[in-house]
Amino acid sequence: MTEEQHRKWDIIIKGIITPIIAVITVFAGIYQYTDGQKRSLEKEFDLRKIERQEQFREEKTALYKEARRVVSFLSTNDMNSDLYESKKIRFWELYWGDLAAVESSKMESLMVKFGRLLENLENEQDQEDKISTRKLMKEVSLTLARQTSEELNVD
């Protein structure tokens, strides 16, 4: 190779190929950085999703347990106590708000059924009707307890 050809190749390598390699290296670094950032964000998103699911499950568990206790109390205790009145208020709070955010359609149906029975119990004058309604309330309470247990163990 002559001196002239050597200089041409030197110019080609130093002037063209080296900058191209440098640009490729920069783009590869940018790609690796953005890909790493993307993966990091995806992992963070997945972790937050898992945390939200766990929070939802904990909230659902707490509300189901409370609903089970309230319904059980209302179906088995005397209507003329202050505690009964406070439990009844809490039932309607669960019914109209807290529980509605997490309950399944089966739980909703049971809460609606129990709410109707609770209203019937308060409006009935005949003692026999009250006894019959109380019996139905207990049945719904047991069904609700089983449903909460089933849902909390399956989820």
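Biologist: How many residues does helix α1 have, and what distance does α1 reach from its first C-alpha to its last?

Modeller: Helix α1 covers residues 3–76 of this predicted model. At 1.5 Å a residue, a span of 110 Å would be expected, and the computed span is close to that. Helix α1 thus has 74 residues and reaches 107 Å.

Biologist: At which residue in α1 does a kink lie?

Modeller: The bend amounts to about 30 degrees. Its position is shortly before the proline Pro 19. The residue is Ile 17.

Biologist: Which residues of α1 are buried?

Modeller: The criterion is a relative accessible area under 20%. The buried residues of α1 are Asp 35, Lys 60, Leu 63, Tyr 64, Ala 67, Val 70, Val 71, Phe 73, Leu 74 and Ser 75.

Biologist: Are α1 and α3 roughly parallel or roughly antiparallel?

Modeller: Helix α3 spans residues 105–123, and its axis is 12 Å from that of α1, at an angle of about 25 degrees. Because angles under 35 degrees count as roughly parallel, α1 is placed in that class relative to α3. The answer is roughly parallel.

Biologist: Which residues make the contact between α1 and α3, and what is the handedness of the crossing?

Modeller: The crossing of α1 past α3 is left-handed. On the α3 side, the contact uses Met 107, Met 111, Phe 114 and Leu 118. On the α1 side, the residues are Tyr 64, Val 71, Leu 74 and Ser 75.

Biologist: Why are α1 and α2 oblique to each other?

Modeller: The axes of α1 and α2 are 9 Å apart. Angles over 145 degrees would count as roughly antiparallel, and 65 to 115 as roughly perpendicular. The two helices are therefore oblique, with a packing angle of about 140 degrees.

Biologist: Which residues of α2 make the contact with α1?

Modeller: The crossing of α1 and α2 is left-handed. From α1, the contact draws on Leu 63, Glu 66, Ala 67, Val 70, Val 71, Phe 73 and Leu 74. From α2, the partners are Leu 83, Tyr 84, Lys 87, Lys 88, Arg 90, Phe 91, Leu 94 and Asp 98.

Biologist: At what angle do the axes of α2 and α3 cross?

Modeller: Helix α2 comprises residues 82–98, and its axis comes within 11 Å of that of α3. Among the α2 residues that meet α3 are Phe 91, Trp 92 and Tyr 95, and the α3 residues include Val 112, Gly 115 and Glu 119. The crossing is left-handed, and its angle is roughly 145 degrees.

Biologist: Which residues does Glu 122 touch, not counting those up to four places away in sequence?

Modeller: Glu 122 lies in helix α3 and is partly exposed at 33% relative accessibility. With neighbours up to four places away left out, Glu 122 touches Met 79 and Lys 88.

Biologist: Is Gln 147 buried or exposed?

Modeller: Gln 147 is found in helix α4. Beyond four places in sequence, Gln 147 touches Ser 104, Lys 106, Met 107 and Leu 110. Its relative accessible area is 10%, so Gln 147 is buried.

Biologist: How many Å apart in space are Ser 132 and Glu 42?

Modeller: Ser 132 lies in helix α4, residues 127–154, and is partly exposed, with a relative accessible area of 41%. Ser 132 and Glu 42 are 90 residues apart in sequence. Their C-alpha to C-alpha separation is 57 Å.

Technical notes. Residues numbered from 1 in each chain as written. Predicted model: local features only at pLDDT ≥ 70, side-chain atom pairs only at ≥ 80, totals over all residues. Heavy atoms only, no water. Helix = DSSP H or I, 4+ residues; strand = E, 2+ residues; numbered from the N terminus. Expected span 1.5 Å × (residues − 1). Bend = angle between axes of the 7 residues up to and from the residue. Buried < 20%, exposed > 50% of the residue type's maximum accessible area, 1.4 Å probe, protein only. Axes fitted to C-alpha atoms, helices over the stretch in contact; angles between N-to-C directions. Left-handed = near helix turned anticlockwise from the far one by under 90°. Contact = heavy atoms within 4.5 Å.
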